[in-house]
Amino acid sequence: MTYPNTLIFVDFPSDNPEASAVFYQEVFGWEVEPRPAGVFHRVVPGQNFQTDDGSQGPTGNLHMGIHNVANARPHPEPEGVEPRSLSTNGRTVRVWILVSDDDSSAAIMERALARGATELWRNHYWAEFNGFNDAFMDPWGNTIILWTKGGDNPQIPDGYTSE
């Protein structure tokens, strides 16, 4: 059996990578490395994946990036290619973030909204994947879905929507 192709990176488009870096540092506490500043920023979102006992396992986290839509790098042409603006006429990237046990969707939503994000929804349960979720759009148009595991026999609170 061959080894499958492996996802290694997802980029957030932004017309201001420095501001995006600050946003994600403040909302999620992520480390963001300008590589190079203003062009591309690598996002290091947390530690290794946890094992069942809560300790860090051998599998490293997945990294993300923030790229400048004015000249998305890498590209063979030094000046890049069109388009050079954010997508404003439809959906963009949807990123799912597992909420850590020492944080909450409500707290993350408040931090995001205070920094210019737009609330998309709150208090929803998706039975297919047994998770509670809330979502916001960052100031650059990317959808962030916050995911909290439902656990064994999840109790759906009053006022939650579900599917």
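The legends below describe close-up views of a predicted model. Residues are numbered from 1 along each chain as its sequence is written, and side-chain values use heavy atoms, with hydrogens and water left out. Because the model is predicted, local features need pLDDT of at least 70 and side-chain atom pairs count only at pLDDT 80 or more, whereas totals for chains, interfaces and linings use all residues.

**View 1. A nonpolar surface patch formed by Leu7, Phe49 and Leu62.** The patch covers about 300 Å². Patches are made of residues with over 30% relative accessible area and no salt bridge; like charges are joined within 9 Å, and nonpolar side chains (Val, Leu, Ile, Met, Phe, Trp, Tyr) within 5 Å. A salt bridge is a side-chain nitrogen of Lys or Arg within 4 Å of a carboxyl oxygen of Asp or Glu. Accessible areas come from the Shrake-Rupley method with a 1.4 Å probe, and for residues only the protein chains shown count as cover. Leu62 lies in the loop between β3 (40–44) and β4 (63–68); helices (H or I, at least four residues) and strands (E, at least two) are DSSP runs, numbered from the N terminus. Leu62 counts as partly exposed because its relative accessibility is 44%, where buried means under 20% relative accessible area, exposed over 50%, and partly exposed in between (1.4 Å probe, protein chains only).

**View 2. The crossing of helices α1 and α2.** The axes of α1 (residues 17–28) and α2 (residues 105–114) come within 9 Å and cross at roughly 150°. The two helices are therefore roughly antiparallel. Axes are lines fitted to C-alpha atoms, for helices over the stretch in contact, and angles run from 0 to 180 degrees between N-to-C directions. Angles under 35 degrees count as roughly parallel, over 145 as roughly antiparallel, 65 to 115 as roughly perpendicular and the rest as oblique. The crossing is right-handed, a term used if the near helix is turned clockwise from the far one by less than a right angle, with anticlockwise giving left-handed.

**View 3. The cis peptide bond between Arg35 and Pro36.** Its omega is about -5°. Pro36 belongs to the loop between β2 (31–34) and β3.

**View 4. The cis peptide bond from Arg73 to Pro74.** Here omega is near 0°, and Pro74 sits in the loop between β4 and β5 (94–98).

**View 5. Asn123, a non-glycine residue with positive phi.** Phi is about 55°. Asn123 is part of strand β6 (residues 118–126) and is partly exposed, with a relative accessible area of 30%.
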